[in-house]
Amino acid sequence: MDIWAQNVLQISAWTSDDVQGLFGHIQQAAQDLGFEYCAYGLQMPLPLTRPKTILLNNYPVAWQKRYREAGFLAIDPTVAQGRRSRLPIVWNEALFARTPEFLEEAQGCGLRVGWAQSSLDLNGVIGMLTLARTGEPLQSAELQAKQTRMQWLVQISHQIIGSRYIRQLRDSDIPQLTPREIEILKWYADGKTASDIGNILNISVDTVKFHTKNCVSKLGAPNKTAAVVRAVMMGLLA
């Protein structure tokens with residue numbers, strides 16, 4: 001086993017909650033692959049209108065400031081494509097055809113060559129790793145030689161970094177549903193009515209409605225349908 005693979009296995013065995021320290025090892029693995037810059041972004045599925053987002057990177061300070069102040073996250077074509085597809089993304093003019101100024105500014109800050117890939121877990125959490133550098137275009141021969149390792153890094157980043165942020169975010173946000181409440185939401189998710197659920201569980205309709213009301217309140221939802229959606233996206237009904 002070569003040194004790079006050993007380093008990545010060490011990352012995968014990381015147990016500390018020191019995310020910044022962990023990201024430093026991800027950066028080193030990226031540099032060992034020939035990319036001086038590295039970024040990891042994570043988007044939670046909720047709230048649906050303004051999902052929580054985490055961004056980590058070692059980009060030039062000027063670009064970090066410009067990206068944040070200009071709200072570039074909303075127009076970044078790599079992010080948009082990463083939300084739609086899990087396929088690798090290679091920076092090129094076609095990708096930035098609708099946002100040429102964005103590309104020009106990024107290149108002006110030294111980000112000229114880039115590759116990215118997103119990953120999606122069962123709870124709808126999206127993570128994306130981007131590898132970038134100032135020079136040397138990414139040729140097909142290099143991509144063919146390194147892409148497997150780059151994809152390993154994507155999956156490990158989401159699994160290790162993502163899991164820590166997800167836990168931190170969820171520990172403060174996820175409500176504690178009782179087993180009965182979870183059971184009732186599962187039946188709603190399967191299309192059953194309160195009357196159906198009462199018959200299935202051998203409880204009164206009023207009892208079903210009582211638990212339903214509690215679920216709606218705990219999940220901060222406007223109605224039972226929204227409560228089911230939120231519970232599913234939070235992984236509470238798995």
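Buried means under 20% relative accessible area, exposed means over 50%, and partly exposed lies in between (1.4 Å probe, protein chains only). The model is predicted, so local features need pLDDT of at least 70 and side-chain atom pairs count only at pLDDT 80 or more, whereas totals for chains, interfaces and linings use all residues. Residues are numbered from 1 along each chain as its sequence is written, and side-chain values use heavy atoms, with hydrogens and water left out.

**Exercise 1. Describe the contact between E183 and R180, and state how accessible each residue is.**

Step 1: A salt bridge is a side-chain nitrogen of Lys or Arg within 4 Å of a carboxyl oxygen of Asp or Glu. The side chains of E183 and R180 form such a bridge, with 3.0 Å from N to O.

Step 2: Helices (H or I, at least four residues) and strands (E, at least two) are DSSP runs, numbered from the N terminus. Both E183 and R180 belong to helix α7 (residues 179-189), where they are three residues apart, about one turn of the helix.

Step 3: E183 has a relative accessibility of 31% and therefore counts as partly exposed, and R180, at 30%, is partly exposed as well.

**Exercise 2. Which residue does K146 pair with, and are the two partners buried or partly exposed?**

Step 1: K146 forms a salt bridge with E142, and the closest N and O atoms are 2.9 Å apart.

Step 2: K146 and E142 are separated by about one helical turn, because they stand four residues apart in helix α6 (residues 140-173).

Step 3: K146 is partly exposed at 24% relative accessibility, while E142, with a relative accessible area of 19%, is buried.

**Exercise 3. Locate the salt bridge between K65 and E69, and classify both residues by accessibility.**

Step 1: The side chains of K65 and E69 meet at 3.2 Å, N to O, and both residues lie in helix α3 (residues 61-69), four residues apart.

Step 2: K65 has a relative accessible area of 43% and is partly exposed, whereas E69, at 56%, is exposed.

**Exercise 4. Which residues of helix α1 are buried, and where do they lie around the axis?**

Step 1: In helix α1 (residues 3-12), the buried residues are W4, A5, V8 and I11.

Step 2: These residues are on the same side of α1, because they cover an arc of only 115° around the axis, the arc being that of the directions from the helix axis to the C-beta atoms.

Step 3: I3 and Q10 are exposed on the other side of α1.
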